[in-house]
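Please open the model in your viewer, with the sequence panel beside it, and follow the stops below in order.

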Amino acid sequence: MGSFRNKSKGKIALMILCGLAFVTAVVFLTMTLWNWLIPELFHGPTISFWQAFGLLLLGKLLFGWHSNGKGFGGGHSQRDWRAKIRNKWEHMSPEEQAQFKEKLRNRCGGSERFERFSRFWDEEKPSEEVPPQQP
């Protein structure tokens, strides 16, 4: 048990170090590009490492965290695509539903994986939270 904890702590420390190295590299690249381009093109000031860090942080606060404008940590959730599939399913004719099932069955490569998706059309009103399945 003790060796497992040591390995976990080592992995966590490595992940933190990699994260810090990544942030440092991005800030340094931003500072370098700014100092190379802005003074020459726009007669602007050069900036320090910490000013570049602040600029990146300000940009992230103003424009989001890679979540397509859905705020902090937004992104596309599983509910988004499930709702789209349900909406599409409700507007299909019975023939289109049968074709969709067959296409999905062929794409899934077997009945066991296909059955995971059957809850979308077998239930009257599928539950909102469906636990993710392991492949």
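This is a predicted model: local features need pLDDT of at least 70, side-chain atom pairs count only at pLDDT 80 or more; totals for chains, interfaces and linings use all residues.

Residues are numbered from 1 along each chain as its sequence is written, and side-chain values use heavy atoms, with hydrogens and water left out.

**Whole chain.** Show the chain as a cartoon: there are 6 helices and 0 strands, where helices (H or I, at least four residues) and strands (E, at least two) are DSSP runs numbered from the N terminus. Of the 135 residues, 15% count as buried, a word that stands for under 20% relative accessible area, with exposed over 50% and partly exposed in between (1.4 Å probe, protein chains only). The chain exposes about 11200 Å², of which carbon and sulfur atoms supply 63%, as computed by the Shrake-Rupley method with a 1.4 Å probe, for residues with only the protein chains shown as cover.

**Confidence.** Now colour by pLDDT, the predictor's confidence in each residue, from 0 to 100. The chain averages 78, and 64% of the residues score at least 70; confidence is lowest in helix 6 (residues 119–122), at a mean of 60, and highest in helix 2 (residues 49–63), at 94.

**Helix 2.** Select residues 49–63, the helix with the highest confidence. The end C-alpha atoms of helix 2 are 21 Å apart, which agrees with the 21 Å that its 15 residues should span at 1.5 Å a residue, the expected span being 1.5 Å times one less than the number of residues.

**T30.** Is T30 buried or exposed? T30 counts as buried, because its relative accessibility is 18%. Leaving aside neighbours within four places in sequence, T30 is in contact (heavy atoms within 4.5 Å) with A52 and L56.

**The nonpolar patch.** Finally, show the surface and select F22, V23, V26, W50, F53, L57, L61 and W65, which form a nonpolar patch with about 810 Å² of accessible area together. Patches are made of residues with over 30% relative accessible area and no salt bridge, like charges being joined within 9 Å and nonpolar side chains (Val, Leu, Ile, Met, Phe, Trp, Tyr) within 5 Å; a salt bridge is a side-chain nitrogen of Lys or Arg within 4 Å of a carboxyl oxygen of Asp or Glu. Helix 1 and helix 2 each supply at least two residues of the patch, and the largest share, 4 residues, comes from helix 2. Within helix 1, click on V26, which is partly exposed, with a relative accessible area of 31%.
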